[in-house]
Structure formats: C-alpha cells, structure tokens
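Visitor: I am new to this structure and would like to learn how to read it. Could you walk me through some of its features?

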Amino acid sequence: MTRRWLFADQLGPHFTTGRGGVLLVESRAALGRRRYHRQKLHLVLSALRHRAAELGDSAVLLRTDTYGEALAQLGEPVRVHEPTSYAADAFVRERLETGEVEGVDPTPGFSLPKADFARWAAGRRQLRMDDFYRFQRQRLDLLVEGDRPVGGRWSFDEDNRKPPPKGADTLGVPAAYRPRESDIDAEVRDDLDRWTRDEGLETVGEDGPRLFAVTRREALAALERFVTQRLGAFGPHEDAMLRGDWAMAHSLLSVPLNLGLLSPVEVAERAVQALHDGDAALPSVEGFVRQVIGWREYVWHTYWHFGPAYRRRNGLGATAGIPAWFDDLEADRVDAACLSDVLDGVRDRGWVHHIPRLMVLGNWAAQRGYDPDALTEWFQTRFVDGYDWVMPPNVVGMSQHADGGAMATKPYVSGGAYIDRMSDYCGSCRYNPKKRVGDDACPFTAGYWAYLDRNADRLAGNHRMARPLQGRHRLTDLAALVEQERVRGDDPP
C-alpha cells in the first residue's frame with residue numbers, strides 16, 4: 001500500500017501507481033536551478049498537472065521548494081522507479097538510508113534492464129550502436145524473420161539520406177498532430193509569467209503555443225497520426241533540412257517519450273504495424289525503429305555505463321566558452337542562413353530535428369572548440385526534449401567526439417558542401433559554401449579546415465580521418481584561412 005512517487009518523466013500508465021496512490025512534486029528549486037527554455041518548463045509543468053488531474057483523489061501534488069521538503073510534508077515512505085539522472089539517483093539513495101524511500105524498482109521506461117545491458121557490454125572493446133541495435137531487434141522480435149532481418153538488411157540508412165526535393169519549400173506531408181491547450185496550460189503560463197516577473201525565475205527562448213503532447217491521450221493521438229500519415233515520408237528525407245518546413249516528416253514524439261507517456265516498445269511495434277498495414281515502406285519503418293529502440297536506448301544505457309564523469313571528457317582539448325549570442329539564441333545577429341534559422345527554431349520552439357542539431361549546431365560548436373561540458377548543458381536546457389541522460393552521449397560522444405571515440409568512429413564535422421546538398425539554405429545565404437577565404441567565404445567551410453588543422457595531431461591515429469587530414473596540405477590558402485577564423489573569434493558569422 002506504499003505510495004508511488006512518480007518523477008515528471010514517469011507519467012505514463014506503464015509506470016505503476018500502486019494501490020497506495022501517487023505523489024507528484026513540483027520543485028521550484030529544480031525549475032530554477034538552470035536557465036531552461038521557457039517552453040520546456042511549460043511542458044514539464046503541464047504534464048505533471050495534467051497527470052494529477054487524471055489521477056484525481058489518488059494523487060497528491062505537492063508544490064514545494066525542494067524534493068526533500070515534499071517528502072517531509074508527505075510524512076510517509078514512498079516507492080520509486082529508477083530515476084533518469086545521477087543527481088536524482090543519488091537523492092533517492094540517500095532517502096533509502098533515512099527510510100523516506102522504501103524501495104527502488106526497475107524503470108519500465110526503457111525496454112532493456114541495466115543488468116542485461118551490462119551483460120551485453122561485458123568483454124566488448126567498443127560499444128557500437130549497430131551491434132546493440134541488432135541485439136535489440138532480435139530480442140524484441142522487431143522486423144526479423146528468425147535470425148534474419150526483414151528485407152535482408154539490418155539498416156536501410158543508405159536509402160534514407162536523400163536531399164530535399166529540388167525547388168520544394170516544404171516536404172508536402174500532412175501536418176504533425178497539434179494538441180489543443182487546456183485551462184491547465186493557461187494556469188502554467190500564468191505561473192511562469194508571475195515567477196519570472198516577481199520571483200526572479202530566469203528562462204531563455206520565447207513562449208509559444210504548446211506543440212507537443214503532455215498527456216497519454218495526446219501522445220497516442222500523435223503516434224497514430226505519425227504512423228498513418230507521416231511515417232511513409234520519414235525515411236528518405238530524414239536527414240534533409242528545409243527552411244520552410246521545420247518538422248519535415250519527423251514524429252515529434254521525443255517529448256512524450258521522454259515524459260514517459262509512451263513506451264519505446266509500443267511505439268516501435270506500432271510503426272511495424274504500419275508496414276504490415278501498407279501505411280509506410282520498410283526503409284522508413286526501419287529508420288524510425290532504429291531511432292526508438294536502437295539509438296534512444298543505446299544513449300540511455302551508455303549514459304549509465306560510462307559514468308557521471310563522462311560528460312567532462314574532452315579528448316580534443318576544446319575549451320572555448322559559449323559566446324553570448326549563441327547562448328541566448330540571438331538568431332537575428334547571425335548572417336549564415338543555416339545557423340540563423342536553426343537558432344531561430346530553438347528560440348521559438350525549443351526543438352529542431354536531429355540533423356540541424358548535429359550538422360549545424362554541433363558542427364559549428366566543434367569547429368569553434370566550444371567546451372563539450374558547457375555545450376552539453378546548453379543542449380540540455382535549450383531543448384524541450386533535453387534531459388540529463390539524453391545529452392552527454394549525444395553531445396560529448398556523437399557530436400563533439402570528445403570521448404576519444406568511445407561512441408563514434410569519427411567526428412561529425414563538415415564544410416558548407418554538406419549543408420548545401422542537404423538543405424535549401426545556401427541559395428539565399430550571403431556566404432558561398434564553395435569558398436574558404438574572403439568576405440563571402442562560408443564560415444562552415446572555413447571552420448571545417450581550421451578544425452582539421454587545429455586537431456591534426458589528436459586525430460592522426462583515426463584512419464577515417466586520414467584522407468581529410470592529408471587533404472588540408474593541398475590547400476594553398478590554409479594559413480590565410482586559419483588566420484581568418486582566428487580573427488572571426490566569437491563573433492556571430
């Protein structure tokens with residue numbers, strides 16, 4: 001009969017409530033500890049309050065300064081599911097010692113228990129996502145026939161790298177599910193306005209209409225709309241960018257998944273059902289399944305596997321501070337069309353899809369040598385789907401290659417040519433992606449070669465970087481390029 005304390009990312013029905021009821025907590029200290037995006041705070045508070053309303057009398061919603069105050073005010077032991085951050089885990093372990101927490105149960109928010117991942121990882125020199133993804137597909141019986149992949153290939157990634165359609169302003173797919181705000185959302189907005197005005201709450205980014213699901217009903221509706229009307233177009237152009245189409249054919253399910261409103265297995269199984277129903281082709285379904293039960297779960301487990309010090313790894317010695325214009329999302333100060341538009345999206349929505357994150361924001365940060373720990377914090381607080389377990393592997397490992405190759409086999413850096421091929425940004429930009437030096441030289445193209453020159457010694461042992469490292473010696477303007485980028489410094493491009 002012990003009451004269950006559910007954290008704000010454990011709000012779906014698969015997180016058991018128990019007969020003793022539920023404790024939900026709004027911690028003002030947690031909300032104000034970092035400078036979060038305004039819309040991120042709105043989503044978390046709205047989700048908590050909607051869940052409390054759904055549970056009715058079985059839920060106790062406490063609004064206190066700290067979690068410790070909430071437990072003291074409740075005055076009875078609680079059970080919890082495994083938290084999703086080292087800080088929350090440490091807090092729970094301390095409360096186990098005092099008796100305020102009776103026990104910690106495995107999380108149902110991910111398909112693979114931590115102990116099972118540890119057994120899978122044991123003895124492996126490298127924890128490659130492709131190997132983990134195959135393991136997941138087989139154990140969950142997703143897109144497999146016996147021990148073979150449906151369609152004869154584990155990955156259709158090569159089919160899913162098409163640039164945007166030529167001359168198109170949008171991808172032309174049905175719009176994503178759009179939730180309807182409730183009175184609870186109005187209350188949240190009023191509270192955030194008051195706390196900002198009267199109590200010194202600091203946020204970043206713009207307020208705006210709620211774009212993401214915060215209830216189980218909304219999450220299921222968003223999932224259904226995606227798999228029946230958008231998933232078919234997802235795969236081919238999942239890596240493409242269009243200035244006039246911020247969502248493209250992406251699912252927009254990262255928020256409800258990370259709030260715990262959907263389980264990853266039900267999401268993946270629904271996508272596979274769309275294949276059987278003829279609503280989507282195999283490359284799109286496989287690409288989406290890879291994101292949900294492959295990459296997302298791989299990130300969750302590597303967060304715990306590598307330990308809390310992982311986010312402070314800095315294998316390339318990047319120490320530059322994040323400049324104020326980038327930190328404050330001042331998109332209007334940026335001339336480079338791609339970076340300006342992506343920062344604008346983060347400012348106005350707290351969300352852009354994975355390619356702008358990796359190949360515009362992350363690429364820029366790597367080229368400029370931003371400190372990876374500070375950059376991890378930036379991504380975690382500026383994105384509405386950013387959590388402590390999400391960002392260290394994505395930023396330190398995947399984006400910045402600061403972990404020495406523990407996750408990725410090479411840095412994800414590129415010049416303007418990649419952005420030109422995969423987007424419609426460059427045609428309207430004042431910079432030329434083919435130029436390295438001069439007033440109209442693309443800062444991404446110049447930044448790419450400056451990055452290689454700066455990190456040549458550290459990357460010398462990486463065979464995948466041998467050709468580009470050698471290529472820089474053929475540049476007759478390398479010295480001028482490096483000096484040009486030194487002079488640019490922290491200024492917005």
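This is a predicted model: local features need pLDDT of at least 70, side-chain atom pairs count only at pLDDT 80 or more; totals for chains, interfaces and linings use all residues.

Visitor: Where is Thr 98 placed, and is Thr 98 buried or exposed?

Guide: Thr 98 sits in helix H4 (residues 86-98); helices here are DSSP runs of H or I with at least four residues, strands are E runs of at least two, and both are numbered from the N terminus. Buried means under 20% relative accessible area, exposed over 50%, and partly exposed in between, using a 1.4 Å probe and protein chains only. Thr 98 counts as exposed because its relative accessibility is 52%.

Guide: Residues are numbered from 1 along each chain as its sequence is written, and side-chain values use heavy atoms, leaving out hydrogens and water.

Visitor: How many residues of helix H16 are buried?

Guide: Eight of the nine residues in H16 (residues 391-399) are buried, so the helix is mostly covered. Among them are Met 391, Val 395 and Met 398. The cover over the buried residues includes H11, H14 and helix H15 (372-382).

Visitor: What is a nonpolar core, and which residues touch the most other members of the largest one?

Guide: A nonpolar core is a set of buried Ala, Val, Leu, Ile, Met, Phe, Trp, Tyr and Cys residues joined through side-chain atoms within 4.5 Å. The largest has 118 residues, and Leu 231, Leu 339 and Leu 361 touch the most other members. Helix H11 (residues 282-306) gives the largest share of this core, twelve residues. Apart from this core lies another of 16 residues, including Trp 449 and Leu 481.

Visitor: How do helices H14 and H18 cross?

Guide: Axes are lines fitted to C-alpha atoms, for helices over the stretch in contact (heavy atoms within 4.5 Å), and angles run from 0 to 180 degrees between N-to-C directions. The axes of H14 (residues 354-368) and H18 (residues 443-454) come within 8 Å and cross at roughly 45 degrees. That makes H14 oblique to H18: angles under 35 degrees count as roughly parallel, over 145 as roughly antiparallel, 65 to 115 as roughly perpendicular, and the rest as oblique. The contact includes Met 359 and Trp 364 of H14, and Phe 444 and Tyr 451 of H18.

Visitor: At what angle do H2 and H7 pack?

Guide: Helix H2 (residues 38-55) and helix H7 (residues 183-198) pack at about 135 degrees, with axes 9 Å apart. They are therefore oblique to each other. Their contact includes Leu 41 and Arg 49 of H2, and Val 188 and Trp 195 of H7.
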